[in-house]
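Please look over the protein shown below. Some questions and answers about how it is put together follow.

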Amino acid sequence: MRNSALPHTHSDVPARASTTWHVLGAGSMGMLWATRLARAGLPVKLIVRNCERLQAYKAARGLTLIEGEESQKWNIRAQIPENGEPIQRLLVTCKAYDAQQAVAQIAARLTPDAEIILLQNGLGSQQAVAALVPHIRCIFASSTEGAFRDGDWRVVFAGRGHTWLGDADQGTIAQWLDELQRSGIDHEWSPNILSRLWRKLALNCAINPLTVLYDCRNGGLQAHSAEVHTLCAELSALLEHCGQAGAAVGLATEVDRVIRATANNYSSMHQDVAHGRRTEISYLLGYACEAARSSQFAVPHLQHLHQRLTEHLQQRGLPCN
Ligand code: NAD
Ligand code: KPL
């Protein structure tokens with residue numbers, strides 16, 4: 001028997017009603033995801049910091065996605081964290097250092113069957129959020145897409161890439177991946193997302209801090225290859241020690257490849273420092289050094305690099321956490 005009140009797919013199987021994507025953090029990645037989900041006709045709501053930001057957003061009348069020559073505005077609904085509406089699917093797109101506090105602000109709104117998707121770079125913030133809401137399923141993501149803001153409520157899709165998603169507790173595949181497909185978000189379910197995140201962290205530790213200290217583009221590190229390789233050897237040993245041997249395979253070769261492939265780019269950490277923005281150091285190099293310290297594994301070169309970077313940030317009046 002068919003219930004004509006229900007929406008049907010082409011095969012007459014009753015379609016799942018779409019769950020609203022609540023996007024927490026309307027920065028580069030938040031806007032990039034929100035606009036593409038909205039473009040696919042999916043229900044999306046932004047959660048902005050406060051009433052002042054909500055007023056500013058309303059005045060702008062939507063988010064603008066810029067892709068090549070094309071620019072399109074999407075009038076996505078927005079709300080503040082204090083809104084009482086229940087949240088069943090939460091995409092967290094704050095910086096790693098803001099994620100835990102941002103989720104704490106809306107934790108009471110999460111339904112018992114809610115899912116949180118964490119899009120932060122590095123490691124540490126995801127575990128902090130998961131510990132804050134132990135009854136809620138947390139899905140970790142690692143993305144090579146690139147986006148930046150060229151104005152308030154405007155995002156430029158600067159680099160096509162891929163996003164891996166997975167459950168660190170080996171949970172089943174998420175039921176909503178077809179929605180990412182419909183939205184043109186290139187993705188894949190990863191059965192070992194921690195390995196992906198560790199690998200990206202190691203790449204970032206071998207490249208980003210040195211680009212800041214030598215004030216160079218990624219390609220500038222070709223002049224410091226001995227130092228890069230020493231860091232890669234130490235990072236590989238640390239990964240193996242931390243039970244992430246898979247993430248260590250061919251690390252130095254991949255770091256060399258990324259340096260060549262992105263030779264003209266400034267690393268994300270270099271860009272943060274150049275713009276006087278806080279870096280995610282504690283979730284990258286800081287996390288690696290802390291993992292080594294807490295298991296009494298010696299990483300002298302990484303520790304020295306951490307110390308140099310910390311001093312460099314302090315001298316520029318930037319937070320070193
Ligand atoms: P961003 O600074 O552009 O955006 C973060 C947003 O979160 C800001 O708008 C900020 O106001 C908001 N925010 C912070 N605390 C909040 C709160 N309590 N309530 C509501 N909003 C809050 O950062 P981004 O570049 O989008 O990066 C987000 C994460 O994605 C980072 O971990 C970054 O490393 C990672 N990432 C970024 C890119 C990229 O190209 N931008 C690519 C891959 C991964
Ligand atoms: O991810 C990067 C970044 O800049 O953050 C790369 C390009 C891999 C350099 O570490």
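Predicted model: local features only at pLDDT ≥ 70, side-chain atom pairs only at ≥ 80, totals over all residues.

**Cores, domains and helices**

Q: Which residues of the largest nonpolar core touch the most other members?
A: A nonpolar core is a set of buried Ala, Val, Leu, Ile, Met, Phe, Trp, Tyr and Cys residues joined through side-chain atoms within 4.5 Å. Buried means under 20% relative accessible area, exposed over 50%, and partly exposed in between, with a 1.4 Å probe and protein chains only. The core has 61 residues, and those touching the most other members are Leu24, Leu90, Val92, Leu110, Ile116 and Val255.

Q: Which helix gives the most to this core?
A: Helices (H or I, at least four residues) and strands (E, at least two) are DSSP runs, numbered from the N terminus. With eleven residues, the helix that gives the most, spanning residues 193–213, is H6.

Q: How many residues of domain 1 are in contact with domain 2?
A: Contact means heavy atoms within 4.5 Å. On the domain 2 side 13 residues take part, and on the domain 1 side the number is 17.

Q: What is the angle at which H6 and H9 pack?
A: Axes are lines fitted to C-alpha atoms, for helices over the stretch in contact, and angles run from 0 to 180 degrees between N-to-C directions. Angles under 35 degrees count as roughly parallel, over 145 as roughly antiparallel, 65 to 115 as roughly perpendicular and the rest as oblique. The axes of H6 and H9 are 10 Å apart, and the angle is about 60°. That makes H6, relative to H9, oblique.

Q: Which residues of H9 (residues 251–261) make the contact with H7 (residues 225–241)?
A: The axes of H7 and H9 come within 9 Å and cross at roughly 135°, and the two helices are therefore oblique to each other. From H7 the contact uses Val228, His229, Cys232, Leu235 and Ser236. From H9 it uses Leu251, Ala252, Val255, Asp256 and Ile259.

How values were computed: Residues numbered from 1 in each chain as written. Chains lettered and ligands numbered in written order. Heavy atoms only, no water.
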